[in-house]
Structures are given as C-alpha cells and as structure tokens.
Amino acid sequence: MPSIRLLLNPMRTAKQGVNVNIGKDSDEYKEITTTLTIHQEDMSSLGVEDGDSVLVRTEFGEAKFVCKTAKVPQGLAFVPYGPPTCELMDGGTDGTGMPTSKGWEVEIIPISELS
Amino acid sequence: MQKSKFLPRGRKDRTVVLVDIRETKSAKAADLFLQVRPGKDFEMLTILRAMIKGEHVTDDQVAETGLTTDVLQDLIERMKKAKFGVMFFGMGLSMTRGKHMNAAALLTLAAEMNAFTKFVAMPMRGHGNVTGADVIMRWQTGYPFGISFNRGYPRYNPGEFSTVDILVRGDTDCAFIIGADPGATMPRPAIEHLAKVPTIVLDPHVTHTSRLSRVHITTAPAGIAAPGTGYRMDEVPMPLRPALNSPYPSDEEVIRRIKEAIAEKPDWMTDQPQMIFSQV
C-alpha cells in the first residue's frame, strides 16, 4: 500500500474564519476543512492528483480529506481546523490544557488503495 | 499605517519580520521572512536569547533551526535598534511540541530584550472575543483560564482544571457551553464525553455541539443583535451597540434567568462549601 508519512499542521485561514460565522453546515466550510494541501513531490510519492481523496491516520483516529497541491514545504501537510481534524487529535495535553494539534506525524493513504 | 512623532514615515519606519514553517500570505507584507524548521521554535528562541547576550553559539546549532548565524545576527541587530518591538505569537508555538515552554522562551526573550530597548510580546487571538474572556477572568479571579471554583474560591491549574483535561478525564457530569463550539474544535475523547453528559448550549447558530447536547438555547449574536463589550487583541475594550434587532434573548439574559430559577431551588450545599472538603 503506497502510504507516506507527513508532518500534519492544522491551521487557521481567513476563509475558514469567515465561514465559521456563516455556518459550519455550509458546503464551503466543509470543503475548506477537508482540503489537505501538500507538496507536488509528496503528491507524486502518494500517487494521487488534485481532487483525489486520502485517509489521514494517527494513532488516535482517522479522517478523510481531499488532496490539493500547494506551495508548501515538502514533508508537511496543511489543513484548516475543523471537525475532521478533531478525529485525529489525542485528548492528552501534557499538563498544559492545550492538546497537541500541530506538527505531528501522520500516515496518509490514498482512498483508492483502501477499496 | 499611522505616522507619529517618532515614526514620521509610517510603515517605512517600521520593520515586520515573519517567522513561520512555510511561506504564508503574510510573507508578502513582511520585510523579512525567516523559515524555521518545524518543531525548532524553542531552539531558535533559546539561540536568540544566547546571541543577544553575546554567548557563543555554533553554526551547527543554528543550522538545526533551518536558519543561519548571519540571518539571526541581522535579526538581533534590527531588534536592538528598534524603538519599540512587539512579538506576536500564536498556536504555532502553543499547540506544537514544547507548548508552554515555547511560549515561555518567547516571553523570556521579550523580557530580556528590555535590557536594550522596549519590547513586549502579545498572543494572536483566533475568534471574536477570546481576549475579553481572558481579561474578565483575570480581573475577576486573578487567572485567565483553567480555573476551578469548587472550593468556594478560584484555583488555577492548567492540565487539571482546563476544559479539555476535565472532559477527557470525564470529571464532569454536566456541561454548560456559551459562545463556543467544542464539538467542532476539541479532540474526539473530549467531544465523546460532552455527548455522554447533559450538555446545554447557548449559541446563535445550531452548531456541532448543539447536535450532541440535550438543550440548545438560541441567543442573539453578541455585538450584532445584543449589546456588550468586545476586547481588541491588545486588550482595549470596545463597547458595542446592537446594529440589528433579534427575536432571541442575549446570552446575559438567559444566564440571568437560569440563575434566578436556580436561586428558587433549595440549596443542596451547606453554608460553607469548604466544610465538604475538610471532611474528606
């Protein structure tokens, strides 16, 4: 199975912030929070193209995202925070009150490989 | 950008340095972009602290952060020459490995820079009035968040009394959510606990949290259809008058009415709540 491991960085964007106030049931919000942006080389290693679905798996959970090429460093993946990223996070906070939600290694698998 | 007596040329007299793990849109607005390696914020901040004091740092140590000694030396020169510097920081520091230690390193750097010039550090806030919540809790209790009142006086301990930890441990048997949507933002174990216990939500929208709650009360959006005070990121309070009418009550009115209804119920605690704990 051609899966790769990348450093996932959930983040905030202006568009996501606007859509939080419009409503989280909107198609646009769902699209924003399920779009994973990665480097072209990583897309090739994964064998996927823009618009293909992938499964992101951590030791705590998994969620489905749509891949998109972007100008981001190789080895890193970015996605705006939202319900899908909640599925990937651990509940532990290391005594800080803040869960780790950025910069952790995840496994990315093309959906086409799972069926 | 504002022109002033000491900065007569406005933006041209100011320097913006962006530090991030990738080039964002903000890079276009910055004079300098420093691309730090993921997870190396603490190392970079500690190296900067050493360098401003003239301590020896090897090129290899600097290279580990993804930057070069020359770049950091140039940054330090700019910082020392500044009349008034401010470091804005966000979740890139607080939600990555190291967490509070990253923030502590940055705050220490800001404090130490005051040996050379005026410097402060300020957290970048995400949504509407997060700063307001922190400010009010601070002047009411002395603490910004993660506060327990269960002994009758406020106690502060992140990791113990902070929301995620309380929910994940399953400490609560009820949750009252106001103006937040943990069902769409918190880790899954915390969300699962909210679904298990009676959760009451006050929100202008039906949210992910509303769907797992027992009760959702629709309220007027604060600052739009209900009056209130919003705090700017720099903690300047702004009184807000409602621009629109709403058929729904404000958060404040709902809470007041709940409080009045509770006051009519017989008290289940003694006059001195501390007594419960002295018996344990």
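How many residues of chain B are in contact with chain A, and how many of chain A with chain B? Before the answer, a word on what you are looking at. This is a predicted model, in which local features need pLDDT of at least 70 and side-chain atom pairs count only at pLDDT 80 or more, while totals for chains, interfaces and linings use all residues. Residues are numbered from 1 along each chain as its sequence is written, and chains are lettered from A and ligands numbered from 1 in the order in which they are written.

Now the answer: 32 residues of chain B are in contact with 28 residues of chain A, where contact means that the C-beta atoms of two residues, placed from the backbone, lie within 7 Å. On the chain B side, the helices α5 (91–94), α8 (163–169) and α9 (188–196) each supply at least two residues. The most comes from α9(B), with four residues. Helices here are DSSP runs of H or I with at least four residues, strands are runs of E with at least two, and both are numbered from the N terminus. Sorted by class, this side of chain B has 13 nonpolar, 13 polar and six charged residues. In that sorting, Ala, Val, Leu, Ile, Met, Phe, Trp, Tyr, Cys and Pro count as nonpolar, Asp, Glu, Lys and Arg as charged, and the others, Gly among them, as polar.

Let us turn to chain A. It holds five helices and six strands, and from the N terminus on the elements run β-α-α-β-α-β-β-β-α-β-α. The C-alpha trace of chain A spans about 35 × 35 × 30 Å along its principal axes.

The six strands of chain A close into a barrel in the order β1-β5-β2-β4-β3-β6, with mixed pairing. Two strands pair if DSSP finds at least two bridges between them. From one strand to the next, the twist averages 45°. Angles run from 0 to 180 degrees between N-to-C directions, with axes as lines fitted to C-alpha atoms, for helices over the stretch in contact.

Strand β2 (residues 35–38) and strand β4 (residues 62–69) of chain A run parallel, joined by four bridges, and A:Thr37 has A:Lys68 as its bridge partner in β4(A). Strand β1 (residues 4–11) runs antiparallel to strand β6 (residues 104–110) of chain A, with five bridges between them. A:Ile4 is bridged to A:Ile108 in β6(A), and A:Val56 also stands opposite A:Ile108. Four bridges join strand β3 (residues 53–57) of chain A to β6(A), again in the antiparallel sense.

Back in chain B, the domain assignment, which is automatic or comes from a database, gives domain 1 (10–123) and domain 2 (130–278). The centres of these two domains of chain B, taken over C-alpha atoms, are separated by 35 Å.

Helix α2 (residues 41–52) and helix α4 (residues 69–81) of chain B pack at an angle of about 65°, with their axes 10 Å apart. B:Ile47, B:Leu48, B:Met51 and B:Ile52 in α2(B) meet B:Leu72, B:Gln73 and B:Ile76 in α4(B). This contact has six nonpolar, one polar and no charged residues.

Chain B also has an open sheet of three strands, in the order β7-β8-β9, with parallel pairing. Its edge strands are β7 (175–178) and β9 (215–218), each pairing on one side only. Strand β8 (residues 199–203) of chain B pairs with β9(B) over four bridges, and B:Asp203 has B:Thr218 in β9(B) as its bridge partner.
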